[in-house]
Amino acid sequence: MDSLKPYVMPLNDVSETDEKVIGGKASKLAKLVGMGYRVPSGFCVTIYAYNHFIETNRLDEMIAFELGRKRFQDMRWEEIWDAALRIRSSFLREKIPAVIRNTIMTSLKKMGSEKPLAVRSSAPKEDTARASFAGLHESYIGVTGMEDLLNSIRLVWASLWSDAALLYQKELGLDPLRSSMAVVVQELVQEDISGVAFGCDPTAPEEDKAIIEAVPGLCQNLVDGTLDPDRWLLRKSTGEMLAFKPGDRGGAEKGTPLLESDDLKLLYRALQGIETLFGWQPDLEWTGRNDRLTLLQARPITTSQAAPKDDKSYYLTLRPNEQNLKKLAQRVSETLIPQLEKEGEKMAAEDLSKLNDRELSEAIETRQDALEKWKKIYWDEFIPFAHGVRRLATYYNDAVRPQDPYEFIGLLRGQAMRSTQRNRKMMELSEVLRSDPSLLELIRDQVFGEKGPPPSWQDVRHQIHALPQGLNFVRGFESLLEEYMDVSYGRARLKDRPELVLKTVVEMAISKEHSVAGDQVTGGQTDVAELEKKLFRAVGQEHIEEAKEVLRIGRMSWRLRDDDNLLLGRIESQLLRAVHVGVELLRSEGRLQREGRVGEKTANIIIAALRNPSQKKVIIPDENGTERKSHHKKRKSVKSRQLIGQPAAPGLATGPVCRVLVPEDFGAFKAGNILVCDAIQPNMTHLVPLAGGIIERRGGMLIHGAIIARELGVPCVNGVPNAVDLLEDGELVTVDGHLGIVTVGEPEFDLERDINKIYLHPKVSDLLK
Amino acid sequence: MNSIDEPIFGPEFGHGGFETSEEPDVEHSIRDLLAHQSFCVLCTQGQSQPYGSLIAFAFTDNLKTFFFTTPLATRKFKLLSECNRIALVIDSRCQHPDDMTKVGAVTVTGKAERLQSGEEFEQGIALLKSRHPYLAHFLESDSTALFKVDVVRYFHVTRFQEVSQWIP
């Protein structure tokens, strides 16, 4: 080890100039020690250690490759999460060089303490006054023993490349070949009271206020939101107490303040002293009272003005901590999903045909409001609940450290969801057709007949009825429509388009490669049990219950995130149904002057018309929705030959492209087609078993389409920007789900051959003659 | 950064719709790459055997024609005389030796034709001279043959595996 580049530095023996080497957090702690504040004893693992670890294992190249394979601005947050997971897995798998290991061990011995440790990130650029990136990097509390410590250091290092940090990569100036991370290792001080203190009110920094908060036990309980703190508002200029709000923690101590006025004075003085020392208003973490007051961390306050609400800050809400995830799981499964289901059922049962104009307008409005309400819940609660699967991913990978960071997906197999029940039902219907060739032939001729527009379901139904198996099939098919097709897709209610659903059932029956959609429910249970055993073995006896809980929530998250889409689709479908009844009514009254395609805005027009009988000429404009044509820009000279995405489900498949953008595409989809779409939605997963391969614009290894494709063994590449735009229907493509590559067309040299025909010039050898 | 886009409901309801990222200008990238590289690999074939040679090249502003020279007594000259269908490979690996994802490359396919006089011949010599002044003596030698390449198409590779075809 180069003595000028130490791997470890004691916190009480660093100078101000060491910030670049020990990072912001460590440097501030060192300054506090210098000022005489009590700070937990410890040392800092410098950026030299990080750099040596990275270089030895060539992780810089791995990170550069991971982040450079696709334009960063084309990466969706789920892809960023995936990249972070892969980086984290690599950090966990690689060895820490012996020289670093030994140095850390020596420092730990020198500390001479058997107490648990706190291991915190200390990146050179974090916590600048301009923007605080608190929470982007990891900290671990209660670390015991050398192995645990080394693991925690690895994870803190890896958190330089965490999903949240990558999201802010521009602001942080992250560069795979230059960025580095130091780590603070300190004794964990366990006092009876801890808290935070702010040099100003972060939401109103200009006001003459300071804030102190306290909880019983560790400060972590406050920071991660486990306990509601007692809160004091002080006059910043004098320290005078302005207000006190007790924390709501239940129990008998409610109302008795955790701190006394002397404690408040001491903390107030610390705030003042630190502001003078550093020149910024501090955000302080502390523990202990009186002469045991220990400062855990000091950083500049991020005011709400400095951190605008944007997509990134929304993203950070998508990573609820364990406590909140648990609460969310309970609320989603026990309250929200049953409510959503009930509301949809109630709407579906309503007979709209008997309503008068006003009642109908109210019914449309009620549905509009319900949809708005549920969309908000969807964004605020259902989407964050998806974190359950990601939490399982991290938990499994930390414990098992598998070569394939997506091995855990096997644990999600076999969850009974609405979509798999629907798919199984469709499969059963296709089996009926396969076993009865005359029935199959009749339906096939009817729905795929080339002459004119397809006949209505009522016509087809009538003819099917006449055949021996017909009645059975009709009953089964109509119950499929009733139970599972009351959802919308691209302005259409699938229930209103039975011919499209029927086409898929026929296609399932005639396709030779008869994958079984229901496999999702029944298959692979042995593998699931194996993976479970592997996980339980890895976590050890004392953590089995914890692992079971993570597994339970992960599976629930996966299952309900599928169901919520379909149930929300029903609310949408029910709004459309009411709008259609309204349109019908206006048409029958002869009040429709022009009728475009029905959509969201139409609802308001219909409501207004129903409430205003004097309006004689109602115009329904054509809404801009998803049109096939608008997404296909012809390029003459430029053509993509190979597209890059995420290898979302392994396998190789070649076939013609079928873009699924509008409801009619459901009916056009043939077995063996390569399904190209923006995103596989739960209301179209019945096409997946028919697909030879899948290409999606929306990327991520854990998104819906990817997991379903994996379960059914359909090769899938997702995260292909502009996939629907760059590929043409019928075009031959090869999906390489191992590498995440889509090859367009065959490797032909037709153009090169043709140019010789065009030029027909003499051979070069002739020119020499 | 793309916005958060969970499974969209019906595209007409709220958050749906397709996001298209800005299409990279393939022609511009190719032009830029050619401008910064002086040499390329010429791929020839003969007797069922592919063959590669490093050559200095020049190109016309419309990117439809390349020029290069070769001594008459070379393997590549012989192969060119047997088959005029060639490929050129140009890349920027020298600028990014440690990051494959930053390397840009093009494979140019086309037809080679020897020029011995005339306007195109003069143009080719002038372009090569201005790009490679140190080759003046070589270019004027009697045993040097000047070839032009009529480009059929470019295969442009970025970020390791993203491939676009461009026809000039």
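This tour visits a sheet, a helix packed on it, and a pair of crossing helices.

The model is predicted: local features need pLDDT of at least 70, side-chain atom pairs count only at pLDDT 80 or more, and totals for chains, interfaces and linings use all residues. Residues are numbered from 1 along each chain as its sequence is written, chains are lettered from A, and side-chain values use heavy atoms, without hydrogens and water.

**The sheet.** Select the five strands of chain A that form an open, antiparallel sheet, ordered β1-β2-β5-β3-β4. Strands (E, at least two residues) and helices (H or I, at least four) are DSSP runs numbered from the N terminus. Two strands pair if DSSP finds at least two bridges between them.

Go to the edges. β1 (8–10) and β4 (139–143) of chain A each have a single partner strand, so one side of each lacks a neighbour in the sheet. From one strand to the next, the twist averages 20°.

Now pick β3 (117–122) and β5 (182–187) of chain A: six bridges join these antiparallel strands. Leu117(A) has Glu187(A) as its bridge partner in β5(A).

**The helix on the sheet.** Select α5 (98–111) of chain A. It packs on the sheet and touches β1, β2 (42–45), β3 and β5 of chain A; contact means heavy atoms within 4.5 Å. Its direction makes about 165° with that of β2(A). Axes are lines fitted to C-alpha atoms, for helices over the stretch in contact, and angles run from 0 to 180 degrees between N-to-C directions.

**The crossing.** Finish with α14 (387–400) and α22 (544–588) of chain A, whose axes come within 7 Å and cross at roughly 140°. Among the contact residues are Leu392(A) and Tyr395(A) of α14(A), and Val550(A) and Trp558(A) of α22(A).
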